[in-house]
Amino acid sequence: MTANGRIGDDGVDDPRTVVITSPEELIASIPSMLGFPPGPGSVVVICGRTADGHAGPVVRMDVDGLLAAPGSPPGGVDGWVGADGWAGADGWAGADGWTGADGWTGAEDCRSGEGEHPPVVADDGPARGLARFCSREGVTDVHLVVVHEDCADGHSAGLRAEDAAAAFEYWLGLAGTQVVGAYGVGEFAHGSPWVDLFGMVRGTQADPDSTEIAAVHAFDGRVRAGSRGEIDRLYQVRDHEACDDEPHGRGPARLEGALEVDRAVRAHEDAVRRLEEGEELDDDELAGIGRVLLDIAVRDEVYRRLAHRGLCDRDGRRLLWWSLARRRPGRERSVALLLLGAAAYFAGSGVHARSALEAAVTADPGNSLARLLLHGLENGLAPERLRRVAAA
C-alpha cells in the first residue's frame, strides 16, 4: 500500500509517497501513523485511496467486548492522523454512535460465505459506520490490524480477534470495499509476534522506530505519545498561576465596526511576531489578546488565515494559543484550544484535533465552532475539504 500527501506551510498539497510492502512494515508503522501505540481492544483500519485520489483514513476503533470484559463502556475512535497526510478521518463517534444496518443487507461477498448473516461479535457498530464512510468516499480496499492480548498465540484470544476482523470484512464487503489483509497483534514492539487472521502466516514485528514513516515524522519534529490518554492530558494542562475568573462575564464580545476588528487582528499578529522573535507577553497583554479573540469576527479571521497557512515549526501562533489555553479563563481558553484543534485538523492529525476540540467544548460548552469541527471529525470530513471551505 502507499501513503502520501502533505499540507505544506503555504496551504498547498506537497506530495510525498511512502510505499509499504510487507505486513511487518505495515504493523510497525501504525504507532507513527496514529501518533501513539493503540492498546488492546482496538481495531486499526488503514484505508486505501478514495474516489478523488486522496489517501484514505487511518482509523483506530475501540471495539466493545473484544476484550471480553462484561459491562465495559464503549470505546472511542481516532483517525485522520499525521500532519503529512498519512491518514484520513478522526472521528467515528464511538461504538454506540452507529445504530442500524442502514441498508447494508444481503452480503454478496464475505469470508464466511454465509451471505445474509454477519459474524456475531459484541458490537459491530464501528464496522457498519466504517462501511458507510468507505461507501461514501469510494474507498476500494483496507488493511486491518486487531490489537488483542495473546491473539497471536492464544486460541481463544485468536478466535475473538478473528471474529472482530470478520465483522469488519462483512460490512465493508457490502459497501464494495475489500479487506486486503487482516493481522492480529498483542502489542506494538520489536520482535513481538503477529498473525494473519485470515490465513496461516505469522511472523515477528519490525522495530516501530525503524520505519520510513517514523523517520519522516522524526525529521518533521513530530513526537509520538506513549498513549491516547497522554495526548488528552496535553490539552488539559493549566499553569499553576492560571486565571480562572471570567473578568468580563459570559456575554458575547463585540467590537464596533470593521476598523476595530482589523486593529484587533493586527494586535494578534503583532503578538505572534514578538513571540517568534523570542519576546514574552505579560499577563495584561495576554488578557487583551484573549479578550479580542472572543469577538466572532476576529476569531473567524484568525481561523481563515490558519486555513490558508497552517502552523509551521516555531510558529508564534502556536506559542500564543498555548499560552492562552494554559493561563486564561474558560472562554478565552476555549478559543485558543479551538484554534489549536483546527490547526491539527487541517494538518491531518485527527487524534490531536479531537483532544483539543473536546477540551475546548469542556472549557466553554457554548463554543459552537468547536462542536461543528467535532461533528466534521465524527462524519469523516477530510482535512483538505475543511481547509478549502475555511480558507474561502
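This is a predicted model: local features need pLDDT of at least 70, side-chain atom pairs count only at pLDDT 80 or more; totals for chains, interfaces and linings use all residues.
**Aromatic rings**

A pair of aromatic rings is described by the distance of the centres and the angle of the planes. Searching the whole structure gives four aromatic pairs. Two of them are set out here.

| Pair | Arrangement | Centre to centre | Angle between planes |
|---|---|---|---|
| Tyr-183 and Trp-194 | edge-to-face | 5.6 Å | 90 degrees |
| Tyr-235 and Trp-322 | stacked | 5.2 Å | 25 degrees |

In the edge-to-face pair, Tyr-183 belongs to strand S7 (residues 178-185) and Trp-194 to strand S8 (residues 193-196), so the contact ties together parts that are 11 residues apart in sequence. Both Tyr-183 and Trp-194 are buried.

The stacked pair links distant parts of the chain, 87 residues apart. Tyr-235 is in the loop between helix H5 (228-234) and helix H6 (257-276), while Trp-322 is in helix H9 (residues 316-327). Tyr-235 has a relative accessible area of 6% and therefore counts as buried, the limit being under 20%. Trp-322 is also buried, because its relative accessible area is 19%.

A charged side chain also meets a ring: Arg-128 lies over the face of Trp-171, at 5.7 Å from the ring centre.

**Nonpolar cores**

The largest nonpolar core has 69 residues, and the members that touch the most others are Val-145, Tyr-303, Leu-320, Trp-321 and Leu-373. Helix H10 (residues 330-347) gives the most to this core, with 11 residues.

Leaving aside residues up to four places away in sequence, Val-145 touches Ile-27, Ile-30, Ser-42, Val-43, Val-44, Ile-46, Tyr-183, Val-185 and Phe-188. Tyr-183, one of these contacts, is the residue that pairs edge-to-face with Trp-194.

**Helix H6**

Helix H6 contains 20 residues. From its first C-alpha to its last, H6 reaches 29 Å, close to the 28 Å expected at 1.5 Å a residue.

Which residues of H6 are buried? They are Val-261, Ala-264, Val-265, His-268, Ala-271, Val-272, Arg-274 and Leu-275. An α-helix has 3.6 residues a turn, so residues three or four places apart point the same way. The cover over the buried residues of H6 includes helix H7 (283-292), helix H8 (296-308) and H9.

After H6 comes Gly-278, which has a positive phi near 95 degrees.

Key. Residues are numbered from 1 along each chain as its sequence is written. Side-chain values use heavy atoms; hydrogens and water are left out. Rings of Phe, Tyr and Trp (its six-membered ring) pair if their centres lie within 6.5 Å; planes under 30 degrees apart count as stacked, over 60 as edge-to-face and the rest as tilted. Helices (H or I, at least four residues) and strands (E, at least two) are DSSP runs, numbered from the N terminus. Buried means under 20% relative accessible area, exposed over 50%, partly exposed in between (1.4 Å probe, protein chains only). A charge sits over a ring if NZ of Lys or CZ of Arg is within 6 Å of the ring centre and within 35 degrees of the ring normal. A nonpolar core is a set of buried Ala, Val, Leu, Ile, Met, Phe, Trp, Tyr and Cys residues joined through side-chain atoms within 4.5 Å. Contact means heavy atoms within 4.5 Å. The expected span of a helix is 1.5 Å times one less than its number of residues.
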